[in-house]
Amino acid sequence: MSDRPNIVFIVADDMGYGDFGCFNYGASETPVLDSLIAEGLCLTQHYSASPVCAPARASLLTGRYPHRTGAIDTLETRGLDRLALRERTIADLIRAAGYVTGLIGKWHNGAFDNRYHPNRRGFDEFAGFSGGWQPYWKWQLDRNGSFSRGDGRYLTDVFTDEAVDFIRRHRGDKFFLYLAYNAPHFPFEAPDDDLARFRDPGNFTEAVRRIYAMIRCMDRGVGRVLEQLERTGLADNTIVLFTSDNGPQFGGKGEMCSDRFNCGFAGSKLLVYEGGIRLPMAIRWPAGIDGRRQVHEMVHLTDWLPTLVGLMGGEVPNDLHLDGLDVMPVLRGERGKVNPTRFWQWNRYTPVGECNAAMRDGNWKLVRPAISALMSVSNEDLGMDVDSKYNPQKYTDILRTTEPEHSQYTVPEPQLFDLASDPLERNNIAAAHPERVVLMTDQLATWFEEIELERRSIKD
């Protein structure tokens, strides 16, 4: 299969629809990404597997719901982000098909044990960091197990430099590059030249000004990656995908409020409303997919493993229980199968099925609202999360103490939405459809029980 394409899969961090200039009336500056949306394939109903990053990334890597993989939260100091050692990743399967595999950027699926290191999870090359975030100037870079500190460059530019070099070095190979930018995730730090473009903030808070500057820098980096593909003659037969891990982070007070336009979607990062899990996705592959089109079928992060492994000529083991489907026929405009039923659930520490959970069945969407008592992190864990970024040498193992106890709470009533007529989830119609609410609530509970049973069998 000499015509097999290369893959460059680019994932932003906490970026929503409303962060693209083409979707926010030009408030931000994303000319490269806007061009990908316009000239490539735009998926209008593309979903994450979780409203937070580590579980979402685990699903992208495995084609499985995050609970199955063991990655249930973002707290790497407790090991809750770890991808169970029994899991086989998309990099494992694509490498077995003869591809060189590389990860540049954020890992966040196991930080304090070399068994979980990207080089042990299918990636021939790794240049990035293993935890949930890094400072953009005072960074520490792990390059295949060797560490270096910030050298004056901005971290987004470092990742772009590494990606351009990877493509240059492997221009004669078939390669899979997973480029996982950490922008525009906290901390909100940006180069002065990019900040200057948003000097007159208007209605922007200082946090939003910085976020848009961070996105502008990343957009420029994506442009450099595309230019390198052109320069090496690989652009036509390289499938480039750009998406995010979850919706935009909202929060903060005063000037540091990070709330920004997100096309009117309800919710944001942390929540299972559309604003937390519905993601932008742009695809370009001139030799294999017609551009200037939109695909409106529901596609999910778990679908990319079977889709891309199949495209590479790889094999998915018969004993591997996937939650995703091969959606390449749908992307090519052919009659193909998509899964009309999807599920989500996330809270802090041990999962609770009645908290922050959702099910979509066609256009129907059931939401179990978040319970505030289950969505908070202890001060100890929050302090360790920050300290581990600046002083990683202090952490050689995960914290193994008992997780904090939750205060008493009341479980809210389920909500029901018809996304066909109400994509912004403004009108809860649960009272008008009690039988459907009962049916979907039971289906959601059955799904949660199944995946939790599998999670609790993990021995790692």
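Okay, a definition to start: when I say buried I mean under 20% relative accessible area, exposed is over 50%, and partly exposed is in between, all with a 1.4 Å probe and protein chains only. What we have here is a predicted model, so local features need pLDDT of at least 70 and side-chain atom pairs count only at pLDDT 80 or more, while totals for chains, interfaces and linings use all residues. Residues are numbered from 1 along each chain as its sequence is written, and side-chain values use heavy atoms, with hydrogens and water left out.

Let's go to helix α2, residues 53–62. Helices here are DSSP runs of H or I with at least four residues, strands are runs of E with at least two, and both are numbered from the N terminus. How many of the ten residues of α2 are buried? Ten of the ten, so to speak a mostly covered helix by the definition I just gave. The list runs C53, A54, P55, A56, R57, A58, S59, L60, L61 and T62. And what do they pack against? Contact, by the way, means heavy atoms within 4.5 Å. The partners are β1 (6–12), α3 (66–69), α4 (90–96), β3 (100–106), β7 (175–180) and α9 (304–311). Just after the helix, G63 takes a positive phi of about 75°.

β3 pairs with β7 in the parallel sense over six bridges, and V100 has F175 as its bridge partner in β7. β3 also pairs with β4, residues 125–129, again in the parallel sense, over five bridges. There, G105 is partnered by G128.

Now, the cores. A nonpolar core is a set of buried Ala, Val, Leu, Ile, Met, Phe, Trp, Tyr and Cys residues joined through side-chain atoms within 4.5 Å. As background, nonpolar side chains in soluble globular proteins tend to be buried together. The largest core in this model has 50 residues, and F175, V222, L229 and F242 have the most contacts inside it. The elements giving two or more residues to this core are β1, α1 (31–39), β3, α5 (155–169), β7, α7 (206–231) and β8 (238–244). Which one gives the most? That's α7, with 13 residues. If you click on F242, you'll find it in contact with I10, A12, M15, F20, L33, L36, M218, V222, P280, M281 and A282, leaving aside neighbours within four places in sequence. There's also a second, separate core of 43 residues, and I90, L103, L305 and L308 are among them.

Next, a lysine. K269 sits in the loop between β8 and α8 (274–277). Is K269 buried or exposed? Buried, because its relative accessibility is 12%. Its side chain makes a polar contact with the side chain of D14, at 2.9 Å. A polar contact is a pair of N or O atoms within 3.5 Å; within protein, one must be able to donate a hydrogen and the other to accept it, and residues adjacent in sequence count only if both atoms are side-chain atoms. Beyond four places in sequence, K269 also touches residues including P51, H185, N246 and Q249.

A search of the whole structure finds zero disulfides, a disulfide being a pair of cysteine sulfur atoms within 2.5 Å. C263 is partly exposed at 25%, whereas C355 is buried at 0%.

Last stop, the open sheet of four strands, in the order β12-β13-β14-β15 with antiparallel pairing. Its edge strands are β12 (341–345) and β15 (415–418), each pairing on one side only. Neighbouring strands are turned by 15° against each other on average, direction ignored. For angles, axes are lines fitted to C-alpha atoms, for helices over the stretch in contact, and the values run from 0 to 180 degrees between N-to-C directions. Inside the sheet, β13 (residues 357–361) and β14 (residues 364–368) pair over five bridges, with D361 opposite W364. Helix α12 packs on the sheet, touching β12, β13, β14 and β15, and its direction makes about 65° with that of β14.

Methods. Two strands pair if DSSP finds at least two bridges between them.
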